[in-house]
Amino acid sequence: MTAAATRTGYLGLGSNVADRRAMLEQAVAALPDHGVEVIASSSVYETQPVGLVLDQRDFYNACVRVRTAFEPEELLDACKDVERSLGRQAGGPRHGPRPIDVDVLLLGSLEYASERLTLPHPEVLSRRFVLVPLLELDPSLTLPDGRRAADGLAALGEGQDVRRVGEPLS
């Protein structure tokens, strides 16, 4: 991988099954074997579920800054491979319990859309559990269209509780 061929991106990690922190750590450890170099991790945060299934265990969430030569679909494939390797099965209820979730949030300055993937992630500015760890990694983060992540967080007000529960992932 040459420096000219790589992009920096951000992935969101989440788990609410089994040992949640261990699942996040295992995902971080597995990413390099799938062509994704992890260069920084946020702290770990605990958050209540959002979406369609609210009656489930709280999530542990974190974000990681990564470097890869992959194009968007290849990066998504790598993330899905990591999820499968850690026991996540296809199907199940949307927003339901899961051992691991590895979401592609941003990949350089790319704006991208396909049936499988939209970049930046369409909910990146509407989810406190994504913005808090993202801003820990880069307090001045801006999206490809120039919107500032910090402004997105400020616009959310006092909604979902995001509690720091652990050090950055190793």
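**Labels and the values behind them**

Analyst: Val64 is buried, with a relative accessible area of 0%, and this residue belongs to strand S4. The model is a predicted one.

User: Why is Val64 called buried?

Analyst: Buried means a relative accessible area under 20%, and Val64 has a value of 0%, so the label applies. Beyond its neighbours up to four places away in sequence, Val64 is in contact with Gly9, Tyr10, Leu11, Leu13, Val28, Val38, Ala40, Ser41 and Leu137. The C-alpha atoms of Val64 and Leu105, which are 41 residues apart along the chain, are separated by 9.9 Å.

User: What makes Asn61 buried or exposed?

Analyst: Asn61, which also lies in strand S4, has a relative accessible area of 6%; the limit for buried is under 20%, and Asn61 is therefore buried.

User: How do you know that the side chains of Asn61 and Thr47 are joined by a polar contact?

Analyst: The distance given for this pair is 2.7 Å, and a polar contact requires N or O atoms within 3.5 Å, one able to donate a hydrogen and the other to accept it, so the pair is counted as a polar contact. A polar atom of the Asn61 side chain also lies 3.4 Å from the backbone oxygen of Leu13.

User: Why is Glu46 called buried, and which side chain does a polar contact join to that of Glu46?

Analyst: Glu46, in strand S3 (residues 44–47), has a relative accessible area of 15%, and because buried means under 20%, Glu46 is buried. Its side chain is joined to that of Arg20 by a polar contact of 2.9 Å, a distance within the 3.5 Å limit. Glu46 also touches Asp58, Phe59, Tyr60, Asp161, Val162, Arg163 and Val165, among others, while Arg20 is itself one of the buried residues of H1.

User: What covers the buried residues of H1?

Analyst: The buried residues of H1 are Arg20, Ala22, Met23, Leu24, Ala27, Val28 and Ala30, and the elements covering them include S1, strand S2 (37–41), S3, S4, H2 and S5.

User: What makes a set of residues a nonpolar core, and which residues have the most contacts inside the largest one?

Analyst: Members must be buried residues of the nonpolar kinds listed for a core, joined through side-chain atoms within 4.5 Å. The largest such core has 27 residues, and Leu11, Leu24, Val102 and Val104 have the most contacts inside it. Two or more of its residues come from each of strand S1 (7–15), helix H1 (20–30), strand S4 (59–68), helix H2 (72–85) and strand S5 (101–107). A second, separate core has 18 residues, including Tyr45, Leu106, Leu131 and Leu141.

User: How do you know which residues are nearest the centre of the largest pocket, and what classes make up its lining?

Analyst: Of the 45 residues that line this pocket, Lys80, Arg88, Arg94, Asp101 and Asp103 lie nearest its centre. By class, the lining has 18 nonpolar, 15 polar and twelve charged residues, and the pocket has a volume of about 1,100 Å³. S1, S4, H2, S5 and helix H3 (128–137) each supply at least two lining residues.

How values were computed
Residues numbered from 1 in each chain as written. Predicted model: local features only at pLDDT ≥ 70, side-chain atom pairs only at ≥ 80, totals over all residues. Heavy atoms only, no water. Helix = DSSP H or I, 4+ residues; strand = E, 2+ residues; numbered from the N terminus. Buried < 20%, exposed > 50% of the residue type's maximum accessible area, 1.4 Å probe, protein only. Contact = heavy atoms within 4.5 Å. 1 Å grid on protein atoms, 1.4 Å probe; cavity = no way out; pocket = protein on both sides within 12 Å on 5 of 7 lines; lining within 4 Å. Points joined across faces, edges and corners; volume = space filled by probe spheres on them. Nonpolar A, V, L, I, M, F, W, Y, C, P; charged D, E, K, R; others polar.
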